[in-house]
Amino acid sequence: MAPRLYPHELLMRLNSKGHCVALTAFIAIVLAHWVEHITQAIQIYALGWPVHHAGGALGLAFPWLVHTEWLHYGYALVMLIGLVALRPAFLGSAGLWWLAALVIQVWHHCEHLLLLTQALSGHNLAGRAVPTSIAQLLFPRVELHLFYNTIVFVPMVIAIALHWRPADAERKAARCSCPYALTGQRQEEGRYKAGTAARRAMMWTCNAMMLGALLFIGLFIGVAFMQLVSNASEQAVLLLALSSAVTLGGFLLLMRELRNGSRLNR
Ligand SMILES: [Zn+2]
């Protein structure tokens with residue numbers, strides 16, 4: 001019989017031997033979620049579908065699924081759990097960026113919890129016809145959640161990029177299986193040697209996809225914003241303009257951070 005795995009042991013494993021694989025899986029989930037949000041935005045802005053019918057790719061196959069608050073709440077919860085569970089391995093400035101993503105996600109999750117409670121109880125906030133979150137009293141839902149996803153994603157991408165290209169102090173202190181750690185003492189010890197090439201390939205794929213996503217999302221939201229300026233509510237335009245600025249600003253900041261210090265000298 002396999003030995004029982006206690007929660008703290010699982011957490012330790014996720015932040016040591018299992019960090020690279022767990023983080024990669026987490027990134028895949030986050031990117032898939034982005035595909036859904038971008039598809040939905042294309043349906044609304046480029047194809048002119050009414051918001052109620054624009055349920056992303058998933059909404060085409062399972063319209064009822066996209067309309068259950070459980071799905072949205074479930075994703076917000078998975079995101080929150082991932083940000084908490086994978087955090088200990090993020091050191092130094094990478095840890096601060098990851099914490100920023102976590103703090104914002106705590107709020108985003110509360111908004112979804114509020115939506116779910118309303119859907120389950122049948123009583124909506126401020127007597128609205130549909131479940132309504134607090135920020136939704138001021139901003140339209142689709143653009144609000146594009147914005148929420150952006151301000152969680154940008155610090156997350158910066159954290160991961162810094163985690164995988166750490167400054168010397170963090171590199172020495174690192175205890176996780178991410179490929180950067182295969183230097184110095186730990187390489188001499190021969191730990192985590194197996195699967196190095198695969199892990200490196202995974203890291204580069206993730207990096208390329210995340211940076212690509214960052215640029216694409218920034219540009220896409222920028223284009224949607226231009227389109228909207230003429231015919232959408234001021235609140236929607238404001239949120240899209242902010243999302244676009246945060247994404248492109250994050251990209252530039254990340255490039256600068258990576259160029260700083262000794263990160264690029266290896
Ligand atoms: Zn790691």
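How are H5 and H6 oriented to each other, roughly parallel or roughly antiparallel? I looked this up, starting with how the model is set up.

I note that this is a predicted model, in which local features need pLDDT of at least 70, side-chain atom pairs count only at pLDDT 80 or more, and totals for chains, interfaces and linings use all residues. Residues are numbered from 1 along each chain as its sequence is written.

Entry, whole chain. I found eleven helices and zero strands in the protein chain (DSSP runs numbered from the N terminus, helices being H or I of at least four residues and strands E of at least two). Of its 266 residues, 33% count as buried (20 or more other C-beta atoms within 10 Å of a residue's own, C-beta atoms being placed from the backbone).

Entry, H5 and H6. I read an angle of about 155 degrees between H5 (residues 69–85) and H6 (residues 92–121), with the axes 9 Å apart (axes are lines fitted to C-alpha atoms over the stretch in contact, and angles run from 0 to 180 degrees between N-to-C directions). H5 and H6 are therefore roughly antiparallel (angles over 145 degrees count as such).

Entry, their contact. I list Trp70, Tyr73 and Leu77 among the H5 residues that make it, and Leu102, Val106 and His109 among those of H6 (residues in contact have C-beta atoms, placed from the backbone, within 7 Å).

Entry, H2. I see that H2 (residues 19–45) has 27 residues and spans 38 Å from first C-alpha to last, close to the expected 39 Å (1.5 Å times one less than the number of residues). Its buried residues include Cys20, Phe26, Ile38 and Tyr45.

Terms used: Parallel < 35°, antiparallel > 145°, perpendicular 65-115°, else oblique. Contact = placed C-beta atoms within 7 Å. Buried ≥ 20, exposed ≤ 12 C-beta atoms within 10 Å, placed from the backbone.
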